[in-house]
Amino acid sequence: MLSPPANWLPQAPLEPLQLDWLGAARIEVAILRLDQIDPLISGNKWFKLIEHLNAADRAGAEGIISLGGAHSNHLHALAAAGKRLGFATVGLLRGHPQQTPTVKDLQAFGMQLHWLGYGGYRARHEAGFWQPWQSRYPTLHPVPEGGGGLPGARGCMQLRAQVSAQLASIGWSGYDGWWLACGTGTTLAGLVLAEAGAHPVYGALAVPDDHGVAQQVERIVEEAGETRALYELFDASRGGFARVDPALLEFIEKTENASGIPLEPLYTGKAMLALKQQVEAGKFAPGTRLIFIHTGGLQGLRGFGSQH
Ligand SMILES: *Cc1c(COP(=O)(O)O)cnc(C)c1O
């Protein structure tokens with residue numbers, strides 16, 4: 001069995017977030033702490049995996065094979081889930097063998113690793129890429145990079161219920177929208193599906209505009225047969241994915257000190273800074289209540305300092 005038992009993973013806590021720039025604009029924000037769901041498995045990547053694990057179960061698979069980089073939050077969540085739930089995992093890695101904190105964890109969690117080089121990894125979208133791997137690991141179910149697509153989005157739909165169940169505990173009777181970091185847009189698409197037009201979902205793009213996030217979201221929404229899609233995307237990439245500048249780092253440090261909430265510079269830090277910019281530009285009327293999703297990613301931060 002790859003599927004986790006119902007209620008296996010604890011609920012992500014929902015907490016009020018107080019920051020001076022929010023108070024000044026009279027915007028209320030509550031943060032859904034996906035970084036706090038489990039000591040091993042954290043972030044949105046876990047939710048993106050759920051339906052892939054269910055599909056693997058239905059197919060009678062004994063484990064999962066997937067791919068990612070040497071700091072991949074996706075492979076980390078997958079390997080941790082395999083360890084926790086007791087199924088086999090194989091990771092196909094971009095580049096050449098290196099020991100990052102993430103890679104050490106993957107090995108410690110029992111994931112079998114294969115390094116594809118850079119050219120080999122680029123071939124991942126080509127027809128026939130999976131064929132040799134499926135011959136080699138016939139009992140493993142392949143999951144696309146990052147756990148994307150409609151199955152990935154469906155797993156993220158349950159974030160809405162997690163928030164609804166906790167609103168009363170923070171004294172809210174409702175909310176006006178969601179704010180979260182986007183890479184592929186899969187997590188955002190899941191919220192768009194769950195909301196079905198009830199509330200807008202605002203996506204802070206961690207990748208430049210030309211990465212086709214809007215098209216990816218449209219594809220998922222269309223495949224799900226949903227017509228009531230309410231969302232808006234903002235460029236939060238600051239010039240490129242994983243590009244970091246002193247103003248961003250300073251903002252993250254200030255925010256962490258003021259709130260006690262850890263952020264990383266690739267996704268959550270950029271998403272928070274983009275929110276500040278939109279709040280200060282008057283995007284939201286006073287009294288607006290937003291749910292900010294902390295999508296996790298803190299494990300990847302360990303390898304980050306040494307690279308930059
Ligand atoms: C992968 C990731 C995202 C982006 O999720 P998508 O579903 O690809 O948009 C955001 N934040 C963190 C921390 C991530 O690891």
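Author: Domain bounds here come from an automatic or database domain assignment. The model is a predicted one. In the protein chain, the assignment gives domain 1 as residues 6-40 + 151-303 and domain 2 as residues 45-147. The C-alpha centres of domain 1 and domain 2 are 25 Å apart. To their contact, domain 1 contributes 23 residues and domain 2 contributes 18 residues.

The extent of the contact can be given as an area. Between domain 1 and domain 2, about 1,900 Å² is buried, and carbon and sulfur atoms give 65% of this area. On the side of domain 1, the residues that lose the most area to domain 2 are W8, L40 and Q299, which together account for 34% of what that side buries.

Two salt bridges are counted between domain 1 and domain 2. Elsewhere in the count of such pairs, R84 and D38 meet through their side chains in a salt bridge, with N to O at 2.6 Å. In general, side chains of opposite charge can pair when their charged atoms come close. Six residue pairs are in polar contact between domain 1 and domain 2, with both residues of each pair at pLDDT 80 or more.

The secondary structure on the side of domain 1 that touches domain 2 can be named next. The elements giving two or more residues to that side are α7 (149-156), α8 (158-164), α9 (186-195) and α13 (298-301). Of these, α7 gives the most, with five residues. By residue class, the side of domain 1 that touches domain 2 divides into nine nonpolar, eleven polar and three charged residues.

R160 pairs with E195, and the closest N and O atoms are 3.1 Å apart. Because R160 lies in helix α8 and E195 in helix α9, the pair ties together parts that are 35 residues apart in sequence. In total, the structure holds eleven salt bridges.

The ligand remains to be described. It is surrounded by 15 residues, of which K45, N73, T184, T187 and T295 are the closest. In K48, an N or O atom of the side chain lies 2.8 Å from an oxygen atom of the ligand. For N73, a polar side-chain atom is 2.7 Å from a ligand oxygen atom, and for T184 the distance from a side-chain N or O atom to an oxygen atom of the ligand is 2.6 Å.

Conventions:
Residues are numbered from 1 along each chain as its sequence is written. This is a predicted model: local features need pLDDT of at least 70, side-chain atom pairs count only at pLDDT 80 or more; totals for chains, interfaces and linings use all residues. Side-chain values use heavy atoms; hydrogens and water are left out. Contact means heavy atoms within 4.5 Å. Buried area is the accessible area (1.4 Å probe) that two parts lose on being put together, summed over both. A salt bridge is a side-chain nitrogen of Lys or Arg within 4 Å of a carboxyl oxygen of Asp or Glu. A polar contact is a pair of N or O atoms within 3.5 Å; within protein, one must be able to donate a hydrogen and the other to accept it, and residues adjacent in sequence count only if both atoms are side-chain atoms. Helices (H or I, at least four residues) and strands (E, at least two) are DSSP runs, numbered from the N terminus. Ala, Val, Leu, Ile, Met, Phe, Trp, Tyr, Cys and Pro count as nonpolar, Asp, Glu, Lys and Arg as charged, and the others, Gly among them, as polar. A residue is near a molecule or strand if one of its heavy atoms lies within 4 Å of it.
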